[in-house]
Amino acid sequence: MTILETSAPPITRVRVLTGEDVDPARRGSKSVVAFSDCRYYCPDAATVERCIKHLRASDERLRSRPDEQMLWDWECTYFEADPDNENGGGTVLLGVAWYDRAFFDDRRGAWFGAMHTRIYQEIAVPFENVTVEHWLALDAAEWKQ
């Protein structure tokens, strides 16, 4: 059975920040070697706003770096409202594109380090409401079809 065959309400995903996946100039000639899918469940609208504000500021800092230091970049950021959350909460979805395999291997666990844990506390996203999954791009994977 698929979601189309159930009575589940459709989920609306709203893009709140533009990333390298829809802006070819940001990626330039770099090749993506890995991806990360980061999800932050925010308990209320104020937390959603703080989360997006922090991500916007982080994106501005990242984009001010020299090109040779651009070993990763944000993909688009989206918000999915939780229809069962009366406080306006929901999930902020953020993708990361990684351009350097050694850098990815070294930094892929940064999301649960001290700096990021402090940021989650500032935003008021409980650590247990943060999920991150990583994938290697097919060209970088050890297996290929």
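Student: How do the residues of the lining of the largest cavity divide into nonpolar, polar and charged?

Tutor: In this predicted model, local features need pLDDT of at least 70 and side-chain atom pairs count only at pLDDT 80 or more, while totals for chains, interfaces and linings use all residues. Residues are numbered from 1 along each chain as its sequence is written, and side-chain values use heavy atoms, without hydrogens and water. A cavity is a set of points on a 1 Å grid over the protein atoms alone where a 1.4 Å probe fits but cannot get out, and its lining residues have an atom within 4 Å of a point. With Ala, Val, Leu, Ile, Met, Phe, Trp, Tyr, Cys and Pro counted as nonpolar, Asp, Glu, Lys and Arg as charged and the others, Gly among them, as polar, the lining divides into four nonpolar, two polar and two charged residues.

Student: Which element gives the largest share of that lining?

Tutor: The lining consists of Leu17, Thr18, Leu55, Asp59, Trp74, Glu75, Thr77 and Leu94. Two or more of these residues come from each of helix 2 (45-63) and strand 3 (72-81), elements taken as DSSP runs numbered from the N terminus (helices H or I, at least four residues; strands E, at least two). The largest share, three residues, comes from strand 3.

Student: Is Glu80 buried or exposed?

Tutor: Glu80 lies in strand 3. Buried means under 20% relative accessible area, exposed over 50% and partly exposed in between, with a 1.4 Å probe and protein chains only. Because its relative accessibility is 16%, Glu80 counts as buried.

Conventions. On a 1 Å grid over the protein atoms alone, a cavity is a set of points where a 1.4 Å probe fits but cannot get out, and a pocket is an open set with protein on both sides within 12 Å along at least five of seven lines; lining residues have an atom within 4 Å of a point.
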